[in-house]
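Visitor: I have a model open and would like to go through its packing. Could you take me through it?

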Amino acid sequence: MREVIMVFLGGGVGSICRYGIGKWINRASIPTFPYSTLLVNLLACLAIGMLAGSQAQKDLFSPAIKYLFIIGFCGGFSTFSAFSIESMKLWQDGNLTAFFIYILISIIGCILLTFVGFFVAQKFFQ
């Protein structure tokens, strides 16, 4: 039951952070490209890579902290469903260049930042 509470708390905080960043970015950006979802997904991947890398290098976290941050916060902060619907909207609007750029940056960038975060954390905690 403790794990469920930790996931619930972390997910709630992650979702609120995603919402806040989305509001902030959307006020300052061009509405035809989903900058806020791209940013939060990239940041979430960097964070999860750093958390996993630090956990792999040294046993820094209790299982409860893993549930709070890795599963809860990062899961609530990142959003594949928003990525999917925004990709579909770009396609439907005929904005194919933005569609392909968004998908490529999202997929390649997220995987790359997960690796970067993982290896940076491992080096930091050596």
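Visitor: Leaving aside neighbours within four places in sequence, which residues is Cys 110 in contact with?

Guide: Cys 110 is in contact with Asn 41, Leu 42, Cys 45 and Ile 105, where contact means heavy atoms within 4.5 Å. This is a predicted model, in which local features need pLDDT of at least 70 and side-chain atom pairs count only at pLDDT 80 or more, while totals for chains, interfaces and linings use all residues. Residues are numbered from 1 along each chain as its sequence is written, and side-chain values use heavy atoms, with hydrogens and water left out.

Visitor: Which residues make up the largest nonpolar core?

Guide: That core has 10 residues: Phe 33, Leu 38, Leu 42, Cys 45, Phe 83, Leu 90, Ala 98, Phe 99, Tyr 102 and Cys 110. A nonpolar core is a set of buried Ala, Val, Leu, Ile, Met, Phe, Trp, Tyr and Cys residues joined through side-chain atoms within 4.5 Å. Buried means under 20% relative accessible area, exposed over 50%, and partly exposed in between, with a 1.4 Å probe and protein chains only.

Visitor: Which elements give two or more residues to this core?

Guide: They are α2 (35-57), α4 (80-92) and α5 (96-124). The largest contribution is that of α5, with four residues. Helices (H or I, at least four residues) are DSSP runs, numbered from the N terminus. There is also a second, separate core of five residues, among them Ile 21, Ile 25, Val 40 and Phe 77.

Visitor: Turning to α4, which of its residues are buried?

Guide: Ala 82, Phe 83, Ser 87 and Leu 90 are buried in α4. They lie on the same side of the helix, because they cover an arc of only 135 degrees around the axis; the arc is that of the directions from the helix axis to the C-beta atoms. The buried residues of α4 pack against α2 and α5, whereas Ser 81 and Gln 92 are exposed on the other side of α4.

Visitor: How far apart are the end C-alpha atoms of α4?

Guide: They are 18 Å apart, which agrees with the 18 Å that its 13 residues should span at 1.5 Å a residue. The expected span is 1.5 Å times one less than the number of residues. Just after α4, Gly 94 takes a positive phi of about 80 degrees.

Visitor: How many aromatic pairs are there?

Guide: The count comes to nine aromatic pairs. Rings of Phe, Tyr and Trp (its six-membered ring) pair if their centres lie within 6.5 Å; planes under 30 degrees apart count as stacked, over 60 as edge-to-face and the rest as tilted. The rings of Phe 83 and Tyr 102 have centres 5.2 Å apart and planes at 50 degrees, so this pair is tilted. Phe 83 lies in helix α4 and Tyr 102 in helix α5, so the pair ties together parts that are 19 residues apart in sequence.

Visitor: Are Phe 83 and Tyr 102 buried or exposed?

Guide: Both Phe 83 and Tyr 102 are buried. Trp 91 and Phe 99 form an edge-to-face pair, at 5.0 Å centre to centre and 65 degrees between the planes. Trp 91 is partly exposed at 46% relative accessibility, and Phe 99 is buried at 13%.

Visitor: How many disulfides does the count come to?

Guide: The count comes to zero disulfides, a disulfide being a pair of cysteine sulfur atoms within 2.5 Å. For Cys 17, the nearest cysteine sulfur is that of Cys 74, 11 Å away. For Cys 74, the nearest is that of Cys 45, 8.4 Å away.
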